[in-house]
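Here are a few exercises to work through with the model open beside you. Try each task before you read its solution.

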Amino acid sequence: MGKFRWKLEKLLEYRRLQEDWSKTAFLEAQQRLVDGEAAIGRIRDRRARVLRQPLAGLEDRLTMQGYLVRLDNEEREQDVANGVLVNELESAKREWIDRRKETKALERLREAAESAWRSGILKQEQSELDEWAVMRRAA
């Protein structure tokens, strides 16, 4: 009685690899989005620090206003970048889910084939035992 061998085992291994790659891509996209959101938080912190600083005169106010405009622009740019990152994250998640479904389908096929193989082995063993019992009675 040999070991169970499935014809599509290499394909299943490859699908598992693809699933792992998709999961890694999803996690990386998630991390990029978290980093993007942290960047917005840092911009807002800088803005809050600048607004708390005492101003001596008109020149300081104009300088601060220019800096605040630059911070607003940076925040808008980061917001746009985060929108792209959200789309990438959703795409990576769909890809990972699709790969997981493909892997699960192949795993179910493998389990069914192994179950059928085991059932065949049990039938063969039972047949051999029945034959042995008949031969023993005849003797």
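**Exercise 1.** With which residue does arginine 110 form a salt bridge, and how far apart are the closest N and O atoms?

*Solution.* A quick word on the ground rules: this is a predicted model, where local features need pLDDT of at least 70 and side-chain atom pairs count only at pLDDT 80 or more, while totals for chains, interfaces and linings use all residues. Residues are numbered from 1 along each chain as its sequence is written, and side-chain values use heavy atoms, leaving out hydrogens and water.

Step 1: look for a salt bridge, meaning a side-chain nitrogen of Lys or Arg within 4 Å of a carboxyl oxygen of Asp or Glu. The partner is glutamate 114, with the closest N and O atoms 3.0 Å apart.

Step 2: Helices here are DSSP runs (H or I, at least four residues), numbered from the N terminus.

Step 3: check the cover. Buried means under 20% relative accessible area, exposed over 50%, and partly exposed in between (1.4 Å probe, protein chains only). Arginine 110 is partly exposed at 22%, and glutamate 114 is buried at 19%.

Step 4: follow shared partners. Glu9, Arg110, Glu114 and Arg118 get joined into one network of salt bridges.

**Exercise 2.** Which helices does the salt bridge between arginine 100 and glutamate 19 tie together?

*Solution.* Step 1: the two side chains meet at 2.9 Å, N to O. Arginine 100 sits in helix α2 and glutamate 19 in helix α1, so the bridge ties together parts that are 81 residues apart in sequence.

Step 1: Glutamate 19 is buried, at 10% relative accessibility, while arginine 100 is partly exposed at 29%.

Step 2: Aspartate 72 forms a salt bridge with arginine 47, the closest N and O atoms being 2.6 Å apart. This one also links distant parts of the chain, with aspartate 72 in helix α2 and arginine 47 in helix α1, 25 residues apart. The structure holds 13 salt bridges.

**Exercise 3.** Which residues make up the largest nonpolar core?

*Solution.* Step 1: collect buried Ala, Val, Leu, Ile, Met, Phe, Trp, Tyr and Cys residues joined through side-chain atoms within 4.5 Å. The largest such set has 6 residues: Phe26, Ala29, Leu33, Leu85, Leu89 and Ala92.

Step 1: ask where they come from. The elements giving two or more residues to this core are α1 (9-52) and α2 (58-138).

Step 2: zoom in on one member. Setting aside residues up to four places away in sequence, alanine 92 touches Ser22, Ala25, Phe26 and Ala29 (contact means heavy atoms within 4.5 Å).

Step 3: look elsewhere. Another core, of 5 residues, lies apart from this one, and Ile43, Val50, Leu68 and Leu71 are among its members.

**Exercise 4.** Is glutamate 107 buried or exposed?

*Solution.* Step 1: glutamate 107 belongs to helix α2. With a relative accessible area of 16%, glutamate 107 counts as buried.

Step 1: list its contacts. Not counting residues up to four places away in sequence, glutamate 107 touches Leu12, Arg16 and Arg100.

**Exercise 5.** How far apart in space are glutamine 78 and leucine 122?

*Solution.* Step 1: go from C-alpha to C-alpha. The answer is 64 Å, for residues that are 44 apart in sequence.

Step 1: see what glutamine 78 does touch. Leaving aside its neighbours within four places in sequence, glutamine 78 is in contact with Gly36, Ala39 and Ile40.
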